[in-house]
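Subject: Structure handover

Hello,

Here is the structure I said I would pass on. My notes on it follow below.

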Amino acid sequence: MGADRLALTLEKSKQLGMDIRIYQDGDFNGIDALWNEAFPNDPPWNHAQKAVPEKTAFQPDLLFVAVDGAEIAGSIMAGYDGHRGWLYAVAVHSKHQRTGLGTALVRKAEEALRALGCGKINLQVRGTNEAVVKFYQHLGYVIEDRLSLGRRL
Ligand SMILES: CC(C)(COP(=O)(O)OP(=O)(O)OC[C@H]1O[C@@H](n2cnc3c(N)ncnc32)[C@H](O)[C@@H]1OP(=O)(O)O)[C@@H](O)C(=O)NCCC(=O)NCCS
């Protein structure tokens, strides 16, 4: 077994029992509550009321939730534009953090993007969210020498 495959297996073994699957309509209240907890200061255009219908209308198979019984314990949204993949809304409920669930969610989204032919994933982290940088570095992501620009349409 190669080193990468072994590392992936070990990561997943920390998360036995938590189902990670594509978002379904009945998950809305759970994902809304999760995002309110995980992203309390996000602007309205990132709220579940806007972002979830947008995503389920476009590449719906790239929005995943981690399910713990009736509760939504985690989420991740991915996007693929034919050139690059992107990750958004990576969130784990506070009571499940540091159990490997965030890792399992990222690996699930990576698998889905790879299956679409994606060869490179980009993501953005708010400048105030340094702890999350450590999380992504742990998963093999590196800080790249880029400036991030955006424009609201
Ligand atoms: C970021 C987040 C998704 C991580 O989820 P998680 O389930 O706790 O992550 P994991 O358990 O898979 O962590 C894997 C490794 O990442 C690193 N890591 C995770 N959280 C970290 C933190 N707060 N500080 C430093 N390192 C961290 C650790 O090396 C950890 O391994 P360890 O627990 O064996 O030390 C979760 O903290 C979260 O939902 N945060 C709030 C929402 C958010 O900011 N999302 C990111 C938006 S860009």
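A word on burial before the findings: a residue is buried if 20 or more other C-beta atoms lie within 10 Å of its own, exposed if 12 or fewer, and partly exposed in between, with C-beta atoms placed from the backbone. The model is predicted, so local features are given only where pLDDT is at least 70 and side-chain atom pairs count only at pLDDT 80 or more, while totals for chains, interfaces and linings use all residues. Residue numbers start from 1 along each chain as its sequence is written.

Overall layout

The chain has five helices and five strands, where helices (H or I, at least four residues) and strands (E, at least two) are DSSP runs numbered from the N terminus. Their order along the sequence is α-β-α-α-β-β-β-α-β-α. Of the 153 residues in the chain, 23% are buried. Two residues are in contact if their C-beta atoms, placed from the backbone, lie within 7 Å. Among contacts in the chain with a separation of 6 or more, 61% are between residues 24 or more positions apart.

The sheet

The five strands form an open sheet in the order β1-β2-β3-β4-β5, with mixed pairing; two strands pair if DSSP finds at least two bridges between them. β1 (19-22) and β5 stand at the edges with a single partner strand each, so one side of each has no neighbour in the sheet.

β2 and β3 are antiparallel and share six bridges, with Leu63 opposite Met77 in β3. Val65 is also in β2, and it is buried because it has 23 C-beta neighbours inside 10 Å. Its contacts, leaving out residues up to four places away in sequence, are Arg21, Tyr23, Asp27, Ile31, Ile72, Gly74 and Ser75. Val65 and Ser75 are 10 residues apart in sequence, and their C-alpha atoms are 4.3 Å apart.

β3 and β4 are antiparallel as well, joined by six bridges, and Ser75 stands opposite Ala91 in β4. The two strands make a hairpin with four residues between them, and Gly82 in the turn has a positive phi of about 95 degrees. β4 runs parallel to β5 (residues 121-122), with two bridges between them; here Trp86 faces Asn122 in β5. From β4 the chain crosses through α4 to β5, and this β-α-β crossover is right-handed: with the strands pointing away from the viewer, the path from the first strand over the helix to the second runs clockwise.

β4 is largely enclosed by the rest of the structure, because six of its eight residues are buried.

Two backbone angles to check by eye

Most residues other than glycine have a negative phi. Ala89 has a positive phi of about 50 degrees although it is not a glycine. Arg98, also not a glycine, has a positive phi of about 65 degrees. Arg98 sits in the loop between β4 and α4 and is exposed, because it has 10 other C-beta atoms within 10 Å.

The ligand

Which residues are closest to the ligand? They are Gln97, Gly102, Thr103, Ala131 and Lys134, in a shell of 18; a residue is counted if its C-beta atom, placed from the backbone, lies within 6 Å of the molecule. β4 (85-92), α4 (101-115) and α5 (130-138) each give two or more residues to this shell. α5 gives the most, with five, yet none of the nine residues of α5 is buried. Just after α5, Gly140 has a positive phi of about 100 degrees.

The shell divides into nine nonpolar, seven polar and two charged residues. Here Ala, Val, Leu, Ile, Met, Phe, Trp, Tyr, Cys and Pro count as nonpolar, Asp, Glu, Lys and Arg as charged, and the others, Gly among them, as polar.

Regards
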